[in-house]
Amino acid sequence: MAKIVHTQYRENSGSHNWDETGGCPQYWKNKGGSTYVVSAPSDEAIASVINYSSDYSEEYIMHTEEYDPRNEVFEPWQERTHITIKENGTILESRTSGTEDLRRGLASYSHTWGYENAEARRKGETLTYRVQYVFNNGQIANSEEEARAIFDEIAERAEVFNH
């Protein structure tokens, strides 16, 4: 089952100067949230991957709804985040660019991470990572370095064309 998941992200501003002795000062501020499309075996699996809380920050699910791939979920400026949670608890997360504000000939980009479980995702401990940049001229870069070289090539062409 796939669901659209809307979250709230909050930061505890009281923790910024906390020396970690005694109780952490509590001064929570809402800092926005995220929208995800999540495929998972259950709502409990979704909650275990999305919801977290610490003395410093938290994110929790505010609303879920059924996902219909025929309907656009994201605004043109939003990154598209898709998460797949498998029966064994492994997670594949992919973030793809929106269609607005792409720079210098870039058509889209995506980052994909693989995680062993929800705890590894929270800690940023990846099993796999992949990046891909697709340019308007049809070139594809599969690393930051390749993308930088293509950006430089596009800039050089534009400089020659403008002179």
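## Arg80 and Glu72

In this predicted model, a salt bridge joins the side chains of Arg80 and Glu72, with an N to O distance of 3.9 Å.

## Salt bridges between distant parts of the chain

A search of the whole structure finds nine salt bridges. One of them pairs Arg121 with Glu93, whose side chains meet at 2.7 Å, N to O. This pair links distant parts of the chain, with Arg121 in helix H2 (residues 118–123) and Glu93 in strand E7 (residues 91–96), 28 residues apart. Arg121 is buried, with a relative accessible area of 14%, and Glu93 is buried as well, with a relative accessible area of 1%.

Arg10 and Glu58 also form a salt bridge, in which the closest N and O atoms are 2.6 Å apart. Here too the pair links distant parts of the chain, since Arg10 lies in strand E1 and Glu58 in strand E5 (residues 57–66), 48 residues apart. Glu58 is buried, its relative accessible area being 13%.

## A salt-bridge network

Lys3, Asp43 and Glu66 are linked with one another in a network of salt bridges.

## Ser15 in its loop

Ser15 is found in the loop between strand E1 (2–12) and strand E2 (28–30). With a relative accessibility of 6%, Ser15 counts as buried. When neighbours within four places in sequence are left aside, Ser15 is in contact with Cys24, Pro25, Asp55 and Tyr56.

Notes. Residues numbered from 1 in each chain as written. Predicted model: local features only at pLDDT ≥ 70, side-chain atom pairs only at ≥ 80, totals over all residues. Heavy atoms only, no water. Helix = DSSP H or I, 4+ residues; strand = E, 2+ residues; numbered from the N terminus. Buried < 20%, exposed > 50% of the residue type's maximum accessible area, 1.4 Å probe, protein only. Contact = heavy atoms within 4.5 Å. Salt bridge = Lys/Arg side-chain N within 4 Å of Asp/Glu carboxyl O.
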